[in-house]
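Here are some exercises to work through with the model open in your viewer. Try each task before reading its solution.

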Amino acid sequence: METTSNAKTILVMVTGFLILAFFFRGNEIVSKVLFFTAIGIGLAEIISPSLGNHIVWFWNKFAHVLGWINTRIVLTIVFYLILFPIAFLYKLTSKDPLQRKKQEGTIFKERNHLYVKQDLENIW
């Protein structure tokens, strides 16, 4: 079962490198490198499935590192372009909704409410 999955991964890698070689056909050196990389990976899987397993292992580690880096980049962009401006504008326009600023006396609010049975029946 694992060899089938590895073969599919190799096929996707070869196809990806060939597509990239097609898109970079204006730059002859890059196009040739991508084309021969695709051919080399495909032949490595055909000649030695064990070598193909090592290629897939390396590819998975590379994908893991890229995922880690991209997550930090995306989260940083979301924070500084979306959350930070919203929080800054809210801070400029709000009137201390958490009542954190020091006030005279106490912040305790007395609530004169007589609890009845209906208050406790459906509390959510």
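**Exercise 1.** Which exposed residues does the face of helix 2 turned away from its buried side carry?

Some ground rules: this is a predicted model, where local features need pLDDT of at least 70, side-chain atom pairs count only at pLDDT 80 or more, and totals for chains, interfaces and linings use all residues. Residues are numbered from 1 along each chain as its sequence is written, and side-chain values use heavy atoms, with hydrogens and water left out.

*Step 1.* Buried means under 20% relative accessible area, exposed over 50%, and partly exposed in between (1.4 Å probe, protein chains only). Helices are DSSP runs (H or I, at least four residues), numbered from the N terminus.

*Step 2.* List the buried residues of helix 2: S31, L34, A38, I41, G42, A44 and E45.

*Step 3.* Look down the axis of helix 2. Its buried residues fall within an arc of 165 degrees (taken from the directions from the helix axis to the C-beta atoms), so they line one face of the helix.

*Step 4.* Turn to the face away from that buried side: the exposed residues there are E28, I29, F36, I46 and I47. As a check on one of them, E28 has 51% relative accessibility and so counts as exposed.

**Exercise 2.** Work out how helix 2 and helix 3 are oriented to each other, and what makes their contact.

*Step 1.* Take the axes, which are lines fitted to C-alpha atoms over the stretch in contact, with angles from 0 to 180 degrees between N-to-C directions. Those of helix 2 (residues 28-47) and helix 3 (residues 49-93) come within 5 Å and cross at roughly 135 degrees.

*Step 2.* Classify the angle. Under 35 degrees is roughly parallel, over 145 roughly antiparallel, 65 to 115 roughly perpendicular, and the rest oblique. The two helices are therefore oblique to each other.

*Step 3.* Collect the contact residues (heavy atoms within 4.5 Å). Helix 2 brings I41, A44, E45 and I47, while helix 3 brings P49, L51, G52, N53 and I55.

**Exercise 3.** Find what F35 is in contact with, leaving aside its neighbours within four places in sequence.

*Step 1.* Locate F35 in helix 2. With a relative accessible area of 38%, F35 is partly exposed.
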